[in-house]
Amino acid sequence: MKRKGFTLVELLVVIAIIGMLVGLLLPAVQQAREAARRMSCSSNMRQLALAMLNYEVSHRTLPPAYTRGNTNNHSYADWNGLVFILPQIEQQAVYDQLDLSKDWNDTSVNTSGISNKSAVETDIAPFRCPTTPHQHSYISDYAADTLLCVAYASVKKAIDEGLIKNRPSEHKEYWESALSPWYLSPDFGELRRPRSMAEIRDGTSQSMLYFEDAGRPSEYRAGEYLSENCEGSQWADYLAYYDTNEFPLQNYCNNNETYSFHNSGCNHSFCDGSVHFISDSTDPDVYVSLFTYKAGDLSGSDW
């Protein structure tokens, strides 16, 4: 007996059903993948935060956000703060190759037999967010955000409109976060130095420590790729730090502002070693309370 096959109409119906199922399942698969990537990013930031706390136990201060070689108060040249926690994240071999009395990109040969520039041309996994689309070499998607500059137009407007409350500060031009650089400031004529945990007066669980600034040197604004013009992308470069000058306070752009490629928010590590995902819809005044380290502006738990 001759076997009957599928008709063309039946095949089209089956194909249509399969297409509908794929259309329904694909967003769920993509969401699951991004959830896994965001968890991996959170794990990276927790590893960096714990390394900084271990550094603090040994040195009695948090690591500097960055150093500049313009003061006799220390012997370091121009370096990003991540360099100082390399031993705490199992990168002692890289650390031992460096001469911190020379700049991070110095090309002269060290006693280790290699130059700083060559030694820092190493990809270090905990410095990279897996959600970032352009995976450049030798970069860090995480950085110190040292200041929130209140005099810049969009931030000042937010304060004037009551979205952000004014708060006490030693400097009227900016509010500071927990990590401080180590250098003699030519703008303010003062020595800025690393802080101890005892100086985090707003509480370690209420004070941000490290931030996402993902995608550099590629420049993005609101998810749109613009150029390759962002500075400070390499993990050893002292210019990897940034100051917040724009409102909204995150995910406006990644040109030296807090930015991620996660959906609707950014991961932040805190001074107690925890990591929290801060939504873009978070009250900006609450965000500032979490940013500052001794303004007496505790944010509670509603974030």
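## Ground rules

Residues are numbered from 1 along each chain as its sequence is written. Because the model is predicted, local features need pLDDT of at least 70 and side-chain atom pairs count only at pLDDT 80 or more, while totals for chains, interfaces and linings use all residues; side-chain values use heavy atoms, with hydrogens and water left out.

## Overall picture

The protein has five helices and 13 strands. Here, helices (H or I, at least four residues) and strands (E, at least two) are DSSP runs, numbered from the N terminus. Along the principal axes, the C-alpha atoms fill a box of roughly 95 × 55 × 35 Å.

Of the 303 residues, 49% count as buried; buried means under 20% relative accessible area, exposed over 50%, and partly exposed in between, with a 1.4 Å probe and protein chains only. Among the contacts with a separation of 6 or more, 63% are between residues 24 or more positions apart, a contact being heavy atoms within 4.5 Å.

## A four-stranded sheet

Let us start with an open sheet of four strands, in the order β3-β8-β12-β13, where the pairing is antiparallel. Its edge strands are β3 (142–143) and β13 (275–279), each of which pairs on one side only. Two strands are taken to pair if DSSP finds at least two bridges between them. In general, strands of a sheet pair through backbone hydrogen bonds, either parallel or antiparallel.

Strand β12 (residues 265–270) and β13 run antiparallel and are joined by five bridges. Within this pair, cysteine 266 of the chain stands opposite isoleucine 278 in β13. Strand β12 also holds asparagine 267, which is buried, with a relative accessible area of 2%. Leaving aside residues up to four places away in sequence, asparagine 267 touches Arg38, Cys41, Ser42, Met45, Glu212, His262, Val275, His276 and Phe277.

## Helix α5 against the sheet

Helix α5 (residues 284–291) packs on the sheet, where it touches β8 (208–212), β12 and β13. The direction of α5 makes about 115 degrees with that of β8; axes are lines fitted to C-alpha atoms, for helices over the stretch in contact, and angles run from 0 to 180 degrees between N-to-C directions.

How many residues of α5 are buried? Eight of its eight residues are, running through Pro284, Asp285, Val286, Tyr287, Val288, Ser289, Leu290 and Phe291. These buried residues pack against β4, β5 (174–176), β8, β12 and β13.

On a 1 Å grid over the protein atoms alone, a pocket is an open set of points where a 1.4 Å probe fits, with protein on both sides within 12 Å along at least five of seven lines, and lining residues have an atom within 4 Å of a point.

The largest pocket is lined by 25 residues, with Cys149, Tyr152, Tyr241, Asp243 and Asn245 nearest its centre. Strands β4 (145–149), β6 (183–185) and β11 (242–244) each supply at least two lining residues, and β4 gives the most, with three. By class, this lining has 12 nonpolar, five polar and eight charged residues. The second largest pocket is lined by 13 residues, and Glu170, Glu176, Arg193, Arg195 and Tyr293 lie nearest its centre. Strand β7 (residues 190–192) provides the largest share of that lining, three residues, and the classes are two nonpolar, two polar and nine charged. Ala, Val, Leu, Ile, Met, Phe, Trp, Tyr, Cys and Pro count as nonpolar, Asp, Glu, Lys and Arg as charged, and the others, Gly among them, as polar.

## Backbone details

A cis peptide bond joins arginine 216 and proline 217, with omega about 10 degrees; proline 217 sits in the loop between β8 and β9 (219–221). Another cis peptide bond links phenylalanine 247 to proline 248, with omega about 5 degrees, and proline 248 is in the loop between β11 and β12.

Serine 264 lies in the loop between β11 and β12. Its phi is near 70 degrees, a positive value in a residue other than glycine, and at 39% relative accessibility serine 264 counts as partly exposed. Arginine 60, in the loop between α1 (8–59) and β1 (66–67), has a positive phi near 65 degrees and is exposed, at 62% relative accessibility.
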